[in-house]
Amino acid sequence: MSEIPGFDLQRAVAQVAREVHERWVSLTERTAFVGGAEVEAFEQAFADFLSATGCVGVANGTDALELAIRALGLEPGDEVIVPAFTFIATAAAVTLAGGRPVFAEVESTTLNLDPDDLRQRITDRTVGVIGVHLYGRPFQVDAIVEACREHRLWLIEDAAQAHGARWQGTAVGNFGQLSTWSFYPAKNLGCFGDGGAVTGNDTELLDRVRLLANHGRTAHYEHSEVGRNSRLDALQAAVLNCRLPLLEADNERRRAIAQTYREALSQLRDVRLLEDRSDRLPVYHQMTILLPQRDALRDHLAARGIGSGLQYPRALHLQPAFAASGQRMGDLPVAEAAGEQVLCLPMFPQLTDAEVDTVCKAVVQFFD
Ligand SMILES: Cc1ncc(COP(=O)(O)O)c(C=O)c1O
């Protein structure tokens, strides 16, 4: 029985291994490990890819969020509204920056931040909102931008899963004051280790992120404030320079795979697919379905050598790390049910049509 993994890093690496090797040899010969031409070239290329003004490479997507929050401003105890259903880093960054994450409900149809619930959670301590384009599917940009504008809140787009996704034709990453990215190897645009970036259209804010990410440094040994060391490594920037030109084609392939899944699975009564809306171009970081028999289907697939993922098995307000939020089981029912029902099917651009077909048949067979 041949295995079909949920994600296959080997196949992703093979696409660019030779070119990366050449660039790494060159970097090693030049001992150009921190900053330099590869990092600068990537920052420019990624900003151009998004049609954004600028990009600051940082060490990972979690630092990107924390640095963006600090650059936008947060006093100890200030509240930042985040969706209850996302990776922990979205909310942890608020805590790390000295703030208090307030968890909001997600829409049942998309599992993205619910703009109406978001409005209910705004208090006079709220300073900002972090929206997440979960699974590479743009959130409800217009309603969330409008709520932030009305209440004078900053908005960060956590686009860690959404490289190349679009809302009404514009790349995500152009709607908040700042946007943050992860280049963890499994992302749509991934490097061979950790990497991240902050992008935006406000040069002053981006300069502030760069200052905070580089020891608050104004000159080599001059520091205007306490910053941290969170820079994009030159070796990782070289990988990203090899992979960025492939991103659009990779995303297109992900959408084609998703379409095959959707056609095969939409007839299953117990399976719920997330809604694709015509004003958004998703990039299918994950192919997520929801079903009450999630764990049994997962076992059924595993017994046939098919991998799957649980992103995420528990809403964040139920994590012990956020017990201080005061939000409890029952407070955010859609996010809580999602944790019990989501299943992420194999999704990566190098999956073959035959493999996708095998997965579809295995899912359909589960209900026979
Ligand atoms: C939505 C989201 N935000 C933030 C992060 C954090 O990125 P990193 O793992 O690069 O720190 C991730 C990565 O998994 C993510 O999926």
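Contact here means heavy atoms within 4.5 Å. This is a predicted model, where local features need pLDDT of at least 70, side-chain atom pairs count only at pLDDT 80 or more, and totals for chains, interfaces and linings use all residues. Residues are numbered from 1 along each chain as its sequence is written, and side-chain values use heavy atoms, with hydrogens and water left out.

Q: What makes F85 a residue with contacts to V106 and Y312?
A: Heavy atoms within 4.5 Å count as contact, and F85 touches both of these, with L111, L134 and A338 also among its partners, leaving aside residues up to four places away in sequence.

Q: Why is the set with I69, F85, L111, I130 and L178 called a nonpolar core?
A: The name goes to buried Ala, Val, Leu, Ile, Met, Phe, Trp, Tyr and Cys residues joined through side-chain atoms within 4.5 Å. The largest such core has 47 residues, and those five have the most contacts inside it. Helix α4 (residues 61-72) gives the largest share, seven residues.

Q: How do you know that helix α9 is mostly covered?
A: Buried means under 20% relative accessible area (exposed is over 50%, partly exposed in between; 1.4 Å probe, protein chains only). Nine of the 10 residues of α9 (234-243) are buried, including A237, L240 and C242. The buried residues pack against α2 (17-30), α3 (37-50) and α10 (247-265).

Q: Why are β6 and β7 said to pair?
A: Pairing takes at least two bridges found by DSSP. Strand β6 (residues 166-167) and β7 have two, in the antiparallel sense, so they count as a pair. W167 stands opposite T170 in β7.

Conventions
Helices (H or I, at least four residues) and strands (E, at least two) are DSSP runs, numbered from the N terminus.
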